[in-house]
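Visitor: Hi! I have a new structure open and would like a friendly tour, please.
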Amino acid sequence: MTHAMLKGSNVPLEATAVRAVLRWTPGQGVPDVDASALLLGADGRVRSDEDFVFYNQPRHPSGKVWRLGKKRVAQGLAEGLTDTVQTDLAGLDPAVSRVLLVASAENVAFEHVRALRILLYDAGVGDGEPLAYFDITPQTGSETALICGELYRRGDVWKFRALGEGYLNGLEGLAGDFGISVDESEAVPEPTAEASLPQPYPHTHPQQPVAQPFPGPAAPTAAIPAPARQPFPAPAPQPSYGYPPEPPRHQPAPQPSYGYPQHAPAHQAPAAQPSYGYPQPVAPMPDPNFRLPPQGPQFLAR
């Protein structure tokens, strides 16, 4: 018996493994929809980023939750698209108490998605009748991610609850609310043809313009080699402390130290001057016949 679910209703599951199938009607302006799952502990948060199963990580490390991929299916007289997540309920770690089943569209509001439905199948039966289904209607239409429903434990019994809760900030915002570390700075943009061309060194050729690539694939170019490292010149040896430095060969001979007589050049040869501290030349003796002139009475002998 198939249960037609309303928002907030739940149904017990006897199956040990289930397939959650998201189905919608494609068309002009209809975005692509992706199914994903988050494995939550008793605190309502993931244990690590590995508990997030989505298009970049399609299989949980335990092997108990994985994405089956997208298919085109018949939907009455029209054609539908599906994306599926399968869960082995019996094999899940006891620490996992809930599995959220999520639908997301890449930066497009769900008001453009037509006939969105989640269907739950017994994975052990094959393509039989669904156990339950829930037609999802966005509350505002501006949502870019939806929690369609959840698988949760009640003692030893697993149940499915229809939710239909929307997020305006996409899959990243939804996952972040449950403990997933989302760092958009780690995303590496796809390299372009221009980015693959070698760029000139700005410090060696600042005036050289950057070459613009021609349309079509760029021809391989050799990488610009880095400039060779120049060795530092070795310094001239310095004399030991307290000794005069040896004069270069092209300079005149050093002058004698202070206090010794200087040697005059051969073409000049002035008389040598005595150094400071030696006796000076003696003045001539006074004239013995020299007499003082007459002096006043105060200087006369009494």
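Predicted model: local features only at pLDDT ≥ 70, side-chain atom pairs only at ≥ 80, totals over all residues.

Visitor: How many residues are in the protein, and what share is buried?

Guide: There are 302 residues, and 31% of them are buried. The accessible surface comes to about 21,600 Å², with 56% of that belonging to carbon and sulfur atoms.

Visitor: And what about contacts between residues at least 6 apart in sequence?

Guide: Of those contacts, 66% join residues at least 24 apart.

Visitor: How many bridges join strand 11 to strand 12?

Guide: Nine bridges link strand 11 (residues 145-154) with strand 12 (residues 157-167), and the two run antiparallel.

Visitor: Which residues in helix 1 are buried?

Guide: G170, L171, G173, L174 and A175 are. Those buried residues pack against strand 4, strand 5, strand 8, strand 11 and strand 12. In an α-helix there are 3.6 residues a turn, so residues three or four places apart point the same way.

Visitor: What comes just after helix 1?

Guide: Have a look at G179, which takes a positive phi of about 100° there.

Visitor: New topic: strand 3. How many residues of strand 3 are buried?

Guide: Nine of the nine, residues 17-25, so strand 3 is largely enclosed by the rest of the structure.

Visitor: Which way do the residues of strand 3 point?

Guide: A17, R19, V21, R23 and T25 point one way, while V18, A20, L22 and W24 point the other way, and all are buried. In a regular strand, side chains alternate between the two faces of the sheet.

Visitor: What is strand 3 joined to?

Guide: Seven bridges join strand 3 to strand 9 (residues 114-122), running antiparallel. In that pairing, T25 stands opposite R114.

Visitor: Now T87: buried or exposed?

Guide: T87 counts as buried because its relative accessibility is 1%, and the cut-off for buried is under 20%. T87 sits in strand 7 (residues 78-88). The residues T87 touches, leaving aside those up to four places away in sequence, include A17 and V18, along with K64, V65 and L151.

Visitor: Last one: where is T2 found?

Guide: T2 is in the segment before strand 1 (3-4). T2 is partly exposed, with a relative accessible area of 27%.

Visitor: And what does T2 touch?

Guide: Not counting residues up to four places away in sequence, T2 touches E129, P130, L131, A132 and Y133. A polar atom of the T2 side chain lies 2.6 Å from the backbone oxygen of P130. T2 and Y121 are 119 residues apart in sequence, with their C-alpha atoms 9.6 Å apart in space.

Conventions. Residues numbered from 1 in each chain as written. Heavy atoms only, no water. Buried < 20%, exposed > 50% of the residue type's maximum accessible area, 1.4 Å probe, protein only. Contact = heavy atoms within 4.5 Å. Areas by Shrake-Rupley, 256 points an atom, 1.4 Å probe, with all protein chains shown as cover. Pairing = 2+ DSSP bridges. Helix = DSSP H or I, 4+ residues; strand = E, 2+ residues; numbered from the N terminus. Polar contact = N/O pair within 3.5 Å; in protein donor to acceptor, adjacent residues only side chain to side chain.
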